Amino acid sequence: MFDQFTVVTDPVGDSVALSAIFAVLPLLTLFVLLGVLKVKAWLAGVISLAVALIVAVAVYAMPIGQAVLSATEGAAFGFFPILWIVINAIWVYNLTVESGHFDVLRRSFERVSPDMRIQAIIIAFCFGALLEALAGFGTPVAITVVMLMALGFRPIHAASVSLLANTAPVAFGALATPIVTLASVSSGANPDPRLTVDTLGAMVGRQTPILAVVVPLMLVALVDGRRGIRQTWPAAVVAGVSFGLAQFVAANYISVPLTDIVAALVSAAAVVLLVRVWRPATPADLGREPEAAAVPAARGSVDAELAGSGTVRAAAGTRSDTTSTAAPGLGGSGGETPPGDPRIDETSPVGRHRDDDLEPRPTDQVRAATAGGRRIADTPAEIGRAYAPYLIIIAIFSVANLGAVKTALAKEPWTVKFAWPGLDILGGNGKPLSSVTFTLNWLPAAGTLMILAGILTALVLRVSAGRALRAYGRTYVELRYAIVTVMAVLALAYVMNQSGQTNTLGAFLAAAGGAFVFLSAILGWIGVAVTGSDTSANALFGALQVQTAARAGLDPLLLAAANSSGGVLGKMISPQNLAIAAGAVGMAGREGEIFRKVFGWSLVLLLFMCVLVALQASPVLSWMVP
């Protein structure tokens, strides 16, 4: 049951082609369940894992004990470090909602520019990238779409803009979780020493920044067509170029986990500075929704499940003629105001709270109101506190990534490496697989640093210990299905990799030869379109890419990076993200309309990425590969 196992590539009739028919069954099961039968992501992951275990034992003759242990290691890696990052990052966001400072942040963005096209760039592209950097997994779409609706965007525009903007930063999302996952699965399948987080991040940082240059232009075109490009191209170009340059520099020379944080802040700062000296001519017919219809008012109508599984509930508050909009609720219903959020009653003196506030909020949060109490002017102190969580995160991660600190934390007792108990698997070369060694970097892990950031955030935002702990508990409850999904998908990936199923598929695809370099980005695109996650797509196909590269004489680093870079373009058309966007704008059941809005953009960008990767594999752009 726990006998040593040696990976084989052609267990069926000594034929790679025949073996590939069985090796593809777990992936085929996952794709059919998610894409055709619309099964819940967590259930699809569990069923596909079961299929992978059956194939490993029945076809590849893997001992049952070794197969189960392989799945447990994958599930453990799914929770730590991947979910450990996501859960704690979303907790920090939930603290800003709990304190009411998320609404302060939204109003701060609104004051930068009254032009909806500029707002789309700042909120969907810049702030969305920051949210992607910190949490990922659908969080940016769930949050930015609510903010855009509150600013008057039509539902279809808000959803489409948020989805399209959520492209360039995805590969480095959740503190580079997709890159960390890619490094883990690919390094265990190919001995190339470059398959590390730093080098893979550097390679991806030489692909996705080029996308970033054009995405803001696409956003303004989506909002206002050719006129939008003609009138606001300076802001779009400044946002895209500054983001792309910052992403390249951060990924290659600063820190892979901090890449999107740096790029988002640099891009936002560049746009804000630009609109201080230049403003576009804003047409009267730009298409802002009437204020009363800015956000869906039905209670609970905006709750969206992230990644088709767990939730970070972005409940848009009502916006009527007499009240200000409430911040997105922490799992509450649409009309509720989180503790500490400003609520203005027109029948009371301007700036006073209604008597039914659940908890007192800071007395300086509202300084003035105009037009019947609909607009609120926040004090500089409250605005500073609203931005504080992100500054705290940047400071903590910057210190943790200093050379001396990073080296110290990589040693015991802060980081412990050990062979997964009982797991005894040899590769085709007769040597133990590197993936059977588990790294428990409990202190320097990004998720642990996020906990520290959350504690400091609670202090700065004046969230009591009790409320912070309750928010932390609710975060686990809200993400319960996402937790199962991610752990199941990573368990599936480990079973396929360590049983030899991925090797078989790699050998089969290697028959495409040099043509595979053009197809590698498409494979990542398909993976994200189905799973809704670049992390999951990298877990599924990372090893396959590098094994195929080795057999076809291609660069494994380039193909592994192409899987992640191509995958980001499938995010906007994944059923999970479409459901998040549709639910947030009150278009549940009409995902097809949003899909048609963004599908063309996805294909255009994918073709661009395929050509770029092909050129990087040729003498034309080979100098871009580390």
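**View 1. Buried residues of helix 13 in a predicted model.** Among the buried residues of helix 13 are Glu382, Arg385, Ala388, Pro389, Tyr390 and Phe397, where buried means under 20% relative accessible area, exposed over 50% and partly exposed in between, for a 1.4 Å probe and protein chains only. Helices (H or I, at least four residues) and strands (E, at least two) are DSSP runs, numbered from the N terminus. Residues are numbered from 1 along each chain as its sequence is written, and side-chain values use heavy atoms, with hydrogens and water left out. Because the model is predicted, local features need pLDDT of at least 70 and side-chain atom pairs count only at pLDDT 80 or more, while totals for chains, interfaces and linings use all residues.

**View 2. The kink in helix 13.** A kink of about 45° lies at alanine 388, shortly before proline 389; the bend at a residue is the angle between axes fitted to the seven residues ending there and the seven starting there.

**View 3. Surroundings of phenylalanine 127.** Leaving aside residues up to four places away in sequence, phenylalanine 127 touches Phe102, Ile122, Met147 and Tyr390, among others, a contact being heavy atoms within 4.5 Å.

**View 4. A cis peptide bond.** Glutamate 412 and proline 413 are joined by a cis peptide bond with omega of about 5°, and proline 413 is found in the loop between helix 14 (403-409) and strand 4 (416-419).

**View 5. Positive phi at alanine 176.** Alanine 176, which is placed in helix 9, has phi near 65° although this residue is not glycine, and at 0% relative accessibility alanine 176 counts as buried.
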